Amino acid sequence: MKKFLSLFICIASLNCFAQKKTENNDNATKFMNTITAEQLKTKLYIIASDEMEGRDTGSKGQKKAGKYLINQYNKNKISYPKGANNYYQHIPASYLNANYNENLPDSENIWAYIEGSEKPNEVLVISAHYDHVGVKNGDIYNGADDDGSGTVAVLQIAEAFQKAQKEGHGPKRSILFLHVTGEEHGLHGSRFYSEHPLFPIANTIADINIDMIGRRDFDHPNTNNYVYVIGADRLSSDLHNITVAQNEKYTHLDLDFKFNDPKDPNHFYERSDHYNFAKFGIPAVFLFNGVHADYHKKTDKVEKIEFDALAKRAQLAFVIAWELANRSERIVVDKPIK
């Protein structure tokens with residue numbers, strides 16, 4: 001009888017675990033699918049409009065873009081982080097000009113936050129830079145792909161998590177949605193955050209960084225069903241395995257690891273905002289569509305964005321975040337900083 005009872009309890013426990021796992025998968029799919037091409041398009045036509053004047057660091061146009069981001073977070077009842085007074089992390093001009101003295105004015109990172117239900121002190125960062133290169137010779141450089149695409153992706157990912165929380169499926173860990181400034185002038189905004197973090201670096205479990213995910217590059221002329229994955233395995237085997245598994249389960253993109261090679265002559269691993277987290281031992285994954293003919297040109301416009309690809313890549317970022325925020329154990333850091 002005791003053996004039968006033990007067997008029954010074991011089977012019941014396994015069934016309960018399987019049911020919870022299936023429910024979690026179903027919820028991930030449900031809320032992933034709230035990230036749509038149409039919503040991304042609506043937001044990107046605003047973020048990359050001429051009104052934003054190319055969003056150069058500290059410019060009037062960038063500040064307009066920042067206010068739009070904040071209005072969207074307010075509209076969706078996504079608050080600024082605990083411990084902050086508002087949605088801005090102010091960065092003084094003295095900091096922005098310390099390395100290269102480009103005469104930049106004060107600027108701001110913009111942050112929003114959803115608190116975790118079970119492990120609120122563990123924080124996942126989802127980042128993208130919202131600056132671009134401004135106006136040159138009277139031409140507005142809209143930066144639709146670089147990095148308007150990442151900017152609106154972070155907005156939509158935040159909305160998806162907020163919808164999940166509203167329906168009782170909020171993340172177990174906290175999530176910081178971080179729009180950084182000054183990337184185009186030297187990764188200044190992410191460097192400032194990493195040196196002046198609102199939440200302790202030791203409590204920051206990972207960074208998912210999204211920079212240019214709305215186009216296809218020279219090496220993929222016949223398909224946009226791919227994304228470059230950079231950095232996921234540099235510090236954490238878990239982060240790499242999660243990225244691969246979530247893609248296989250949900251989004252079915254071709255994950256291209258070409259630029260993840262430490263010998264990559266482009267050094268993309270060191271060229272976007274995730275790097276300032278990785279320098280402090282925080283595992284980071286960088287999602288990127290590669291360089292195209294309109295990179296850093298006035299022709300990087302919304303009309304050239306492939307919104308089906310943008311949506312699918314944003315969904316991949318969401319499901320990676322879903323697993324990182326909800327798994328029972330924090331991901332391990334099992335490789336040294338290099």
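**Entry 1: the cores**

I started with a term: a nonpolar core is a set of buried Ala, Val, Leu, Ile, Met, Phe, Trp, Tyr and Cys residues joined through side-chain atoms within 4.5 Å. Buried means under 20% relative accessible area, exposed over 50%, and partly exposed in between, using a 1.4 Å probe and protein chains only.

I noted that this is a predicted model, where local features need pLDDT of at least 70 and side-chain atom pairs count only at pLDDT 80 or more, while totals for chains, interfaces and linings use all residues. Residues are numbered from 1 along each chain as its sequence is written, and side-chain values use heavy atoms, with hydrogens and water left out.

Then I looked up the largest nonpolar core, and it has 66 residues. Phe-177, Phe-318 and Leu-324 have the most contacts inside it. Helix 10 (residues 307–326) gives the largest share of this core, 13 residues. Helices here are DSSP runs (H or I, at least four residues), as are strands (E, at least two), numbered from the N terminus. Another core, of twelve residues, lies apart from the largest one, and I found Ala-84, Leu-176, Leu-178 and Tyr-193 among them.

I also checked what Leu-324 touches (contact means heavy atoms within 4.5 Å). Skipping residues up to four places away in sequence, I got Leu-124, Arg-173, Ile-205, Ala-206, Ile-208, Leu-239, Ile-242 and Ile-331.

**Entry 2: Val-333**

Next I went to Val-333, in the segment after helix 10. Is Val-333 buried or partly exposed? Val-333 is partly exposed, because its relative accessible area is 46%. Leaving aside neighbours within four places in sequence, Val-333 is in contact with Leu-235, Gly-281 and Pro-283. I also compared Val-333 with Thr-29: they are 304 residues apart in sequence and 28 Å apart in space, C-alpha to C-alpha.

**Entry 3: aromatic pairs**

I counted rings of Phe, Tyr and Trp (its six-membered ring) as a pair if their centres lie within 6.5 Å; planes under 30 degrees apart are stacked, over 60 edge-to-face, and the rest tilted. The count comes to 18 aromatic pairs. For Tyr-193 and Phe-277, the ring centres are 6.0 Å apart and the planes are at 35°, so I wrote this pair down as tilted. The pair links distant parts of the chain, with Tyr-193 in helix 6 (residues 188–195) and Phe-277 in helix 9, 84 residues apart. Both Tyr-193 and Phe-277 are buried.

Tyr-226 and Tyr-228 form an edge-to-face pair, 5.6 Å centre to centre with 80° between the planes. Both are buried too. I found Tyr-226 and Tyr-228 in one aromatic cluster with Phe-259, Phe-268, Phe-286 and Phe-288.

On a 1 Å grid over the protein atoms alone, a cavity is a set of points where a 1.4 Å probe fits but cannot get out; a pocket is an open set with protein on both sides within 12 Å along at least five of seven lines, and lining residues have an atom within 4 Å of a point. Grid points are joined across faces, edges and corners, and a volume is the space filled by probe spheres set on the points.

I got one cavity of 30 Å³ or more. Its lining is Arg-234, Phe-259, Asp-261, Pro-262, Asp-264, His-267, Tyr-269 and Glu-270.

The second largest pocket holds about 300 Å³. Of its 14 lining residues, Arg-234, Pro-262, Tyr-269, Pro-336 and Lys-338 lie nearest its centre. Helix 7 gives the largest share of this lining, three residues.
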